[in-house]
Amino acid sequence: MPASPHLDAAPVARATVAPDAEALHRLVLTSLDDDQAVETVSIPLAGKSSIADYMVVASGRSTRQVASMAQKLAEKIKAERGQSPRVEGLPTADWVLIDAGDVIVHLFRPEVRTFYNLERMWAFGDSAPAGNA
């Protein structure tokens with residue numbers, strides 16, 4: 001039986017990530033690892049959302065560490081890509097958002113991260129009851 005043309009032409013179902021987005025994602029993860037980020041989680045968004053290909057959520061032990069990680073990451077992204085990412089929340093450093101285009105990074109103090117629980121909100125289908133997958 002020939003395959004349906006609708007099944008073959010489903011670009012939304014195929015989550016492809018551009019090589020430069022993969023490189024940026026690796027840069028982000030390496031930088032956070034170098035700065036001893038805690039509980040780093042990477043959420044693939046390609047094919048699920050148009051806002052970015054990846055969302056990375058991590059914690060720092062204090063506002064000072066969160067601010068330092070954010071500043072270093074923004075500097076590395078600028079050096080690598082030639083563009084400064086958009087950074088919000090740096091003055092208080094309870095929750096810092098770094099929008100690097102293909103990768104969005106959320107850096108939190110642990111208490112703030114627990115309160116907002118972004119990982120749960122962005123876990124598409126992961127929390128569905130058994131049998132509904």
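## Basis of the model

The model is predicted: local features need pLDDT of at least 70 and side-chain atom pairs count only at pLDDT 80 or more, whereas totals for chains, interfaces and linings use all residues. Residues are numbered from 1 along each chain as its sequence is written, and side-chain values use heavy atoms, with hydrogens and water left out.

## Overall make-up

The protein chain contains 5 helices and 5 strands (DSSP runs numbered from the N terminus: helices H or I of at least four residues, strands E of at least two). Along the sequence these elements follow the pattern α-α-β-β-α-β-β-β-α-α.

Of the 133 residues, 35% are buried (under 20% relative accessible area with a 1.4 Å probe, protein chains only; exposed means over 50%, and partly exposed lies in between).

## Helix 2

Helix 2 comprises 16 residues, 19-34, and spans 22 Å from its first C-alpha to its last, close to the expected 22 Å (1.5 Å times one less than its number of residues). Its buried residues are Ala-21, Leu-24, His-25, Leu-27, Val-28, Ser-31 and Leu-32. These residues lie on the same side of helix 2 because they cover an arc of only 160° around the axis (taken from the directions from the helix axis to the C-beta atoms).

The buried residues of helix 2 pack against strand 1 (38-44), strand 2 (54-59), helix 3 (63-81) and strand 5 (103-108). The face turned away from the buried side carries the exposed residues Pro-19, Asp-33 and Asp-34.

## His-106

His-106 is located in strand 5 and counts as buried because its relative accessibility is 8%. Beyond its neighbours within four places in sequence, His-106 is in contact with Met-55, Val-56, Val-57, Ala-58, Trp-95, Val-96, Leu-97 and Leu-118 (contact means heavy atoms within 4.5 Å).
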